[in-house]
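Morning, everyone. I have one structure to go through today, so let me put it up.

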Amino acid sequence: MASKPLTLLFFALSMLSSIINIISYHATAQSTTTRPAPGIAVYWGQNGKEGTLQQACATNNYNIIILAFLNVFGSGQTPKWNFAGHCGDWSPCTKLEPQIKYCQSQNIKVFLSLGGGIGHYSLSSPQDARKVALYLYQNFLSGQHGPLGSVALDGVDFDIEEGSNLFYDDLVKAINAFSTQEKRIYISAAPQCPYPDHYLDKAIKTGLFDYVWVQFYNNPPCQYSNGNPKKLFEYWDTWTSSVLANNTVLLGLPAAPRAAGSGFIAGEVVADEILPYIRESSNYGGVMLWSRYYDVQTNFSDKIKGSLMVKSVLKLVKEIGDAIYDSLFSLRADV
């Protein structure tokens with residue numbers, strides 16, 4: 001019969017082998033998918049007190065930063081942008097060029113958001129949509145000199161909240177046509193959580209959106225309310241099961257109580273109760289926050305970033321490690 005110390009050794013080696021196999025399997029599974037790792041996207045540009053774009057990127061809390069907003073476009077209008085206190089209304093903002101390039105050097109994508117809650121925008125025809133797409137490409141996506149300097153932003157975001165809902169599918173297709181193997185142009189949508197979204201449903205159904213960050217706030221029928229996540233979970237499941245498989249879905253949240261009229265969820269609750277449910281979805285991609293200014297006030301992203309990834313494997317490894325530890329001391333006590 002083997003001695004207890006030898007039995008102890010065999011047991012420990014067996015458990016170690018199990019841990020290695022689990023980690024190896026998990027690493028292989030991650031390497032075979034093209035879906036990006038879950039992260040945080042944040043809107044920047046609507047409050048001069050939120051800090052610079054470079055400061056936001058230097059936190060390493062965000063995977064995507066969305067410049068808000070280009071809020072006048074289409075129907076023959078001269079496009080105009082508004083980055084609040086950072087540049088002044090409608091004025092060029094070339095000082096952002098080095099900051100944008102810094103963010104991109106840190107592997108942080110920078111998007112330009114179209115629309116917003118205040119502005120004047122609409123599309124009058126498919127031809128008008130193609131004209132807007134060409135303007136966006138030449139001024140923000142191509143690297144040519146434009147309102148933000150000589151930059152090639154990584155993508156375009158659709159936060160359409162007013163005006164007509166026509167021809168945004170044509171705009172998505174026209175922007176996507178500029179994407180190449182050498183320079184991919186990402187496209188995102190920020191629909192409201194009631195399904196389907198009034199403004200973007202037809203555009204989303206093109207399947208061309210890389211990211212769909214759904215706004216689960218200012219929408220009582222489908223948001224977290226009075227400590228109850230039921231409606232949020234129901235509509236999260238609706239969105240993740242309704243969009244195409246290639247669309248990565250993010251949970252859109254306000255980063256502070258004052259960031260929205262309703263729908264705020266404390267960071268600790270998001271980390272402990274909300275994320276464990278939604279991250280089980282196969283097309284889950286993380287969290288979108290409104291906005292950087294409010295995140296600065298509450299450190300919301302710091303509270304949730306450690307819970308973005310699926311923890312089931314790590315939890316299992318910890319449990320095996322604890323079992324080894326307990327068994328070691330149990331066997332030692334019997335020697």
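This is a predicted model. Counting elements, there are 11 helices and 12 strands in the chain. Of its 335 residues, 48% are buried. If you take the contacts with a separation of 6 or more, 74% of them are between residues 24 or more positions apart. As for the surface, the chain exposes about 15600 Å², and 54% of that comes from carbon and sulfur atoms.

Next, one helix pair. Two packed helices are described by the angle between their axes and the distance between the axes. For helix H7, residues 230–242, and helix H8, residues 267–278, the angle is about 25° and the axes are 11 Å apart. An angle under 35 degrees counts as roughly parallel, so that is what H7 is to H8. The crossing of H7 past H8 is right-handed.

Which residues in H7 and H8 meet? On the H7 side they are Leu-232, Phe-233, Trp-236 and Asp-237. On the H8 side they are Glu-273, Ile-274, Tyr-277 and Ile-278. Sorted by class, this contact of H7 with H8 has six nonpolar residues, two charged ones and no polar ones. On the spacing, an α-helix has 3.6 residues a turn, so residues three or four places apart point the same way.

Last, helix H5, residues 168–176. How many of the nine residues of H5 are buried? Seven are, so H5 is largely enclosed by the rest of the structure. The buried residues in H5 are Tyr-168, Asp-169, Asp-170, Leu-171, Val-172, Ala-174 and Ile-175.

Definitions and conventions. Residues numbered from 1 in each chain as written. Predicted model: local features only at pLDDT ≥ 70, side-chain atom pairs only at ≥ 80, totals over all residues. Heavy atoms only, no water. Axes fitted to C-alpha atoms, helices over the stretch in contact; angles between N-to-C directions. Helix = DSSP H or I, 4+ residues; strand = E, 2+ residues; numbered from the N terminus. Parallel < 35°, antiparallel > 145°, perpendicular 65-115°, else oblique. Left-handed = near helix turned anticlockwise from the far one by under 90°. Contact = heavy atoms within 4.5 Å. Nonpolar A, V, L, I, M, F, W, Y, C, P; charged D, E, K, R; others polar. Buried < 20%, exposed > 50% of the residue type's maximum accessible area, 1.4 Å probe, protein only. Areas by Shrake-Rupley, 256 points an atom, 1.4 Å probe, with all protein chains shown as cover.
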